[in-house]
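Here is a short report on a two-chain model. Start with the fold, then turn to the contact between the chains.

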Amino acid sequence: MNTDIIVSYFPRYVDAFWLTVRIGAIGVGLAFVIGLVVAFLIHFKIPVLAQLAAVYVEFFRNTPLLVQLFFIYFGLPKLGFMVPAETCGALGLGLLGGSYMAEGFRSGLGAVSKSQSEGALALGMTRGQMFFHVIFPEAFALSVPAIVANVIFLLKETSVFSAISLMDLMFTAKDLIGLYYNTTEAFALLIFFYIIMLLPVSIVGGIVEKKVRYKMFGAQ
Amino acid sequence: MGFEVLLKGTNMHRLLDGLWVALRISLISVTISIVLGVILGSLMTLKNPVIKVVSKIYLEFIRIMPQMVLLFVVYFGSTKALGLSITAESASIIVFSLWGTAEMSDLVRGALRSIPTIQYESSYSLGLNTAQTYLYIIIPQIIRRMLPLSINLITRMIKTTSLIMMIGIVEVLKVGQQIIEANRKSAPNAAFGIYATIFLLYFLVCWPISLLSKYLEKRWEN
């Protein structure tokens, strides 16, 4: 391992790191919003929309991100929908993540026991108050482990972006190896930056999981 | 739309062959993962500090490291660092087994932990010996908890093996690209049809397996 090479590669990895984090964060945010909306649609059995949402969840949970990205990035332009690579990455991640998040939220909503809503109604809350003050907070706490696992999973999946030529960490490593053939240094930096990105998420996720555990008393 | 390209010559057949390449690698990796995962998961319930630390580091590393990175490191890195020359297929089986073993061992450990002590105590007090306790009481319950999750691991493995294209294995996506390239003139819109078909093929493979896993989970809930 040559330290000069590592020092000279470092700035390129920092750039790639921020790109990965940026698109990853946008994708995870998008996944969160899509997941919540879809989970509500399915949980409250909104006609037509609930069925469409269920089809979406099944489709995106049962196909790989790489295939989804290829379809969005190379397939859709043939129908006239041009999607720039960065948007495509964030959108693909958001759609994939949305289907996983929806499952997490939905099982959280399903696990809140009936006595909780009955209790809230008996106390004179309206249905809206019952949902926003009682059911949702508990359901959210119940879905936290799934959300943490999904966030880590989604951030790992960003490594696929190199396939649609986004200059992310994986792309940078491949590029540098192709140019200079310093495989060991390029991979060491690659692993280092993924640890920097994901270890904090994993640790913070673990702490959050422990913190919300006391809220789970409402589960069945 | 580009779907007509699939009917030309042996294109559809080649696509399915490509899918089988990915499926074969995932099935081999899942089998290895389940065997090693059960062993490692059982070892992790022992209160040995060395096993505890080593397995914790292994699990956490695999948990946060993208499979794509592992794939590149094993395939390209091992050649340079260790002087080994392994085929792309063995590299992918090694990586996916490493990943699958970590996932599986965590599931096994969770399932073993979830059996309350009272189950062991009651079976001993009924006069069963250790072997009988495990064979008749513990293992059947663990299998019920494990099987839906292990089946789920198969679909996750199949989805993850789509990455092997990146280290040069000719699987379904690569075949798709080749077909698109070969028909660039006669069918300029082939990309849409081919990628939509691959999307659907993956769905048709994974969906029934997910449904089976969900069905078993519901059936054996208690």
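## Fold and interface

From the N terminus on, the elements of chain A run α-α-α-α-α-α-α-α. That is 8 helices and 0 strands. Helices (H or I, at least four residues) and strands (E, at least two) are DSSP runs, numbered from the N terminus.

This is a predicted model: local features need pLDDT of at least 70, side-chain atom pairs count only at pLDDT 80 or more, and totals for chains, interfaces and linings use all residues. Residues are numbered from 1 along each chain as its sequence is written, while chains are lettered from A and ligands numbered from 1 in the order in which they are written.

The C-alpha atoms of chain A fill a box of roughly 70 × 45 × 20 Å along the principal axes. Of its 220 residues, 41% count as buried (20 or more other C-beta atoms within 10 Å of the residue's own, with C-beta atoms placed from the backbone).

Now the interface. In chain A, 31 residues are in contact with 32 residues of chain B (C-beta atoms, placed from the backbone, within 7 Å). These helices of chain A each supply at least two residues of the side that touches chain B:

| Helix of chain A | Residues |
|---|---|
| H2 | 49–61 |
| H3 | 65–75 |
| H6 | 127–157 |
| H7 | 169–180 |
| H8 | 183–212 |

H8(A) gives the largest share of that side, 10 residues.

As for confidence, the predictor gives the complex an ipTM of 0.87 and a pTM of 0.88.

Technical notes: Contact = placed C-beta atoms within 7 Å. Buried ≥ 20, exposed ≤ 12 C-beta atoms within 10 Å, placed from the backbone.
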